[in-house]
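Student: I am new to this structure and would like to go through it slowly, one question at a time. Could we begin by putting it on the screen?

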Amino acid sequence: MRFENLSLGLDSPHAAAAVQLGPQAVLLRGFAVDRASALVAAIRDVCGVSPLRHMVTPGGWTMSVAMTNCGEAGWVTDRSGYRYDSIDPQTGLPWPGMPQLFSALAADAAAAAGFAGFVPDACLINQYRPGSRLSLHQDRNERDYSAPIVSVSLGLPAIFLWGGQKRAQRPARIPLFHGDVAVWGGTDRLTFHGIGPLADGFHPVTEGVRYNLTFRKAL
Ligand code: MD3
Ligand code: FE
C-alpha cells in the first residue's frame, strides 16, 4: 500500500497531483503507479531483444546511464554523433516494437496535460544504477519540436534538474518518484534538463535501479 512506502520515501507522496513545472511542462505525480509493475515487465522483454548498453558520446565519453529503445526509431549516440536510427546498431535488427501498454500510457499522459492525439514513434529506455547521472542537455534530435515529450519514472527516486532556456541558468532540483510522469511541450520543449547522480537504494519493483521511459515523436 502507498502509506507503507511513504515512510521509505520511495513512491510519490502526492499521487495524482499535477505540478506545473513551466508554462507547458507538467509533472503528474503517481500517474503510472498502477501500471508500473507491468511497465517494468515490458522493459525486461524489450531488453531481451535489444539489450541495455552504455553508449559513447561524440566527445568519446561512455555514458553512465545504460540505454535501449523500442518503437519505430531509437535514439543512439556514437563517435559520429547523436541520431535516431530504425536499426539497433548492436544487433543489426529493428528495435523491438513499442508495447501497447507504453503507447497507451504516453497518449493518456499527454492528453491529461493538454496534448491530445500524441502518437510517439520512439521510446528511449534509460537505466540508472547508483552513481549514474545525466548532465544538463536539451533534447533536439527530433525533427519536429511541436510534439510533446512524455517521461515516466520507475523504481528508485532521482533528482531532476530543471534548468532554463540557456545552459548557464542554475537548475531547480525536483525529486522524481516511482510512477511519476512528466509532459513537456510548447515553449518548455527545449528547456535544459538533467538527472543528478542516483543514490543507493532498494525499490520492490526494480530492486537497485531506476528506469526512465522517454516517449518522443522523432521522425
Ligand atoms: C524537459 N532523460 O533521455 S526525462 C533524456 O530521467 C532525459 O532519464 C531523463 O533527459 C531521465 O533525454 C529525464 C525528463 C525530460 C525529458 C525530455 C525533456 C525532461 C525534458 C525535454 C524537454 C524538457
Ligand atoms: Fe533529455
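Student: How far does a polar side-chain atom of H137 lie from an oxygen atom of ligand 1?

Tutor: Keep in mind that this is a predicted model, and that a polar contact is a pair of N or O atoms within 3.5 Å. The pair formed by a polar side-chain atom of H137 and an oxygen atom of ligand 1 lies at a distance of 3.1 Å.

Student: Which residues coordinate the iron ion (ligand 2)?

Tutor: Donors are N, O and S atoms within 2.8 Å of the metal, and the coordinating atoms here lie at 2.0 to 2.2 Å. In sequence the donor residues follow the spacing H-x1-D-x53-H.

Student: Is D139 buried or exposed?

Tutor: A residue counts as buried when its relative accessible area is under 20%. For H137 the value is 21%, so H137 is partly exposed. For D139 the relative accessibility is 8%, and therefore D139 counts as buried.

Student: What share of the area that ligand 1 exposes when taken alone does the protein bury?

Tutor: There are 20 residues around ligand 1, and among those that come nearest are N126 and Y128. A polar side-chain atom of N126 lies 2.9 Å from an oxygen atom of ligand 1, while for Y128 the corresponding distance is 2.5 Å. Taken alone, ligand 1 exposes 500 Å², and the share of this that the protein buries is 98%.

Student: Which residue lies over the face of Y128?

Tutor: Y128 and the residue in question are both listed with those that come nearest to ligand 1. At 5.0 Å from the ring centre of Y128, the residue lying over the face is R210.

Student: How many aromatic pairs are there, and what is the geometry of the pair F102 and F215?

Tutor: Rings pair if their centres lie within 6.5 Å, and by this rule the count comes to 5 aromatic pairs. The ring centres of F102 and F215 are 5.9 Å apart with the planes at 90°, and because planes over 60 degrees apart count as edge-to-face, the geometry of this pair is edge-to-face.

Student: Which parts of the chain does the pair F102 and F215 tie together?

Tutor: Both F102 and F215 are buried. They lie 113 residues apart in sequence, so the pair ties together helix α3 (residues 100-112), which holds F102, and, with F215, strand β13 (residues 210-216).

Key:
Residues numbered from 1 in each chain as written. Chains lettered and ligands numbered in written order. Predicted model: local features only at pLDDT ≥ 70, side-chain atom pairs only at ≥ 80, totals over all residues. Heavy atoms only, no water. Donors = N, O, S within 2.8 Å, 3.2 Å for Na, K, Ca; no water. Buried < 20%, exposed > 50% of the residue type's maximum accessible area, 1.4 Å probe, protein only. Phe/Tyr/Trp six-rings, centres within 6.5 Å; stacked < 30°, edge-to-face > 60°. Helix = DSSP H or I, 4+ residues; strand = E, 2+ residues; numbered from the N terminus. Lys NZ or Arg CZ within 6 Å of the ring centre and 35° of its normal. Near = heavy atom within 4 Å. Polar contact = N/O pair within 3.5 Å; in protein donor to acceptor, adjacent residues only side chain to side chain. Areas by Shrake-Rupley, 256 points an atom, 1.4 Å probe, with all protein chains shown as cover.
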